[in-house]
Structure formats: structure tokens, C-alpha cells
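Here is a colleague's note, point by point. Please keep the model open while reading.

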Amino acid sequence: ETKNRFVTYTNLNPGRYVFKLKATNSDGVWSNDIKSLTIIITPPWWQTYWAIGLYIIVFVLGIWGIIRFQVNREKLHQEYISAECRQKIMLI
């Protein structure tokens, strides 16, 4: 005979679960009454929809920032070359 009246489940994926319980009395006779308990396991914050949306926004902004950086770098390079050419023309 056990005195434990608890149950532990580890590593459950997020989702909806139904815990069903059927018990016996002290004589070992099973009850016909089944009790059920609905349990909802929510995902950790980093797996929620708003977090995934934030990851997408950060990724897109990162790509946009890299593209802007490269465009500005190329623009400065062209201005530098143009200034060098003008300087060479003035020296001639």
C-alpha cells in the first residue's frame, strides 16, 4: 500500500494534456468513476509566437543594416576615388 498521492512528469512538450485517474479502494476494488484533469503546458518564453516574431524582426533589421553599411561603404569609396581623380587632374 502506498501513501504517495502525487505524480511527476518531466520533459513534456508544450500542449494540452488530459490526465485521467482511476483509483482503487483499500480492498483493491477498482472504481468505475474516472476523473480527468485538463492540463495546459505553455512553452518557455523563447518559444512563444511573440519571441519568434521578435527574432524575425531582429534578423530582417540585421540584414537591412548590413546592406546599408555596404551601400554607404561603396558610396564613400566612390567619393574617395572621385576626389583622387580630381586631385590628379589639378596636379596635371
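1. Accessibility terms. Buried means under 20% relative accessible area, exposed over 50%, and partly exposed in between, with a 1.4 Å probe and protein chains only. On that scale, Trp46 is partly exposed, because its relative accessible area is 44%. Trp45 counts as exposed at 55%.

2. Ground rules. The model is predicted: local features need pLDDT of at least 70, side-chain atom pairs count only at pLDDT 80 or more, and totals for chains, interfaces and linings use all residues. Residues are numbered from 1 along each chain as its sequence is written, and side-chain values use heavy atoms, with hydrogens and water left out.

3. Aromatic pairs. Rings of Phe, Tyr and Trp (its six-membered ring) pair if their centres lie within 6.5 Å; planes under 30 degrees apart are stacked, over 60 edge-to-face, and the rest tilted. The whole structure holds 2 such pairs. Tyr9 and Phe19 form an edge-to-face pair, with 6.3 Å centre to centre and 70° between the planes. This pair links distant parts of the chain: Tyr9 sits in the segment before E1, Phe19 in strand E1, and they are 10 residues apart. Tyr9 is exposed, at 53% relative accessibility. Phe19 is partly exposed, at 25%. Trp45 and Trp46 also pair edge-to-face, with 5.8 Å centre to centre and 90° between the planes.

4. Element names. Helices (H or I, at least four residues) and strands (E, at least two) are DSSP runs, numbered from the N terminus. Strand E1 covers 15–21. Strand E2 covers 35–41, and helix H1 covers 49–91.

5. The second largest pocket. On a 1 Å grid over the protein atoms alone, a cavity is a set of points where a 1.4 Å probe fits but cannot get out; a pocket is an open set with protein on both sides within 12 Å along at least five of seven lines, and lining residues have an atom within 4 Å of a point. Grid points are joined across faces, edges and corners, and a volume is the space filled by probe spheres set on the points. What is the volume of the second largest pocket? About 160 Å³. Its lining consists of Val7, Tyr9, Leu12, Tyr17, Phe19, Leu37, Ile39 and Ile41. E1 and E2 each supply at least two lining residues. The largest share, 3 residues, comes from E2.

6. Ala, Val, Leu, Ile, Met, Phe, Trp, Tyr, Cys and Pro count as nonpolar, Asp, Glu, Lys and Arg as charged, and the others, Gly among them, as polar. The lining of the second largest pocket has 8 nonpolar, no polar and no charged residues.

7. Contact means heavy atoms within 4.5 Å. Val18 lies in strand E1 and is partly exposed at 47%. Not counting residues up to four places away in sequence, Val18 touches Ser36, Leu37 and Thr38. Ser36 lies in strand E2 and is exposed at 55%. With the neighbours within four places in sequence left aside, Ser36 is in contact with Val18, Phe19 and Lys20.

8. The E1–E2 loop. Lys22 is in the loop between E1 and E2 and is partly exposed at 42%. Lys22 and Asp33 are 11 residues apart in sequence and 6.7 Å apart C-alpha to C-alpha. Asn25 belongs to the loop between E1 and E2 and is partly exposed at 40%. Its side chain reaches the backbone nitrogen of Asp27 at 3.0 Å.

9. Thr48. Is Thr48 buried or exposed? Thr48 counts as buried, because its relative accessibility is 15%. Thr48 lies in the loop between E2 and H1. A polar contact is a pair of N or O atoms within 3.5 Å; within protein, one must be able to donate a hydrogen and the other to accept it, and residues adjacent in sequence count only if both atoms are side-chain atoms. The Thr48 side chain makes one with the side chain of Trp50, at 3.0 Å.

10. Backbone check. Asn11 has a positive phi of about 60° although it is not a glycine. Asn11 is in the segment before E1 and is exposed at 76%.

11. For Asn25 and Ile63, 38 residues apart, the separation is 65 Å.
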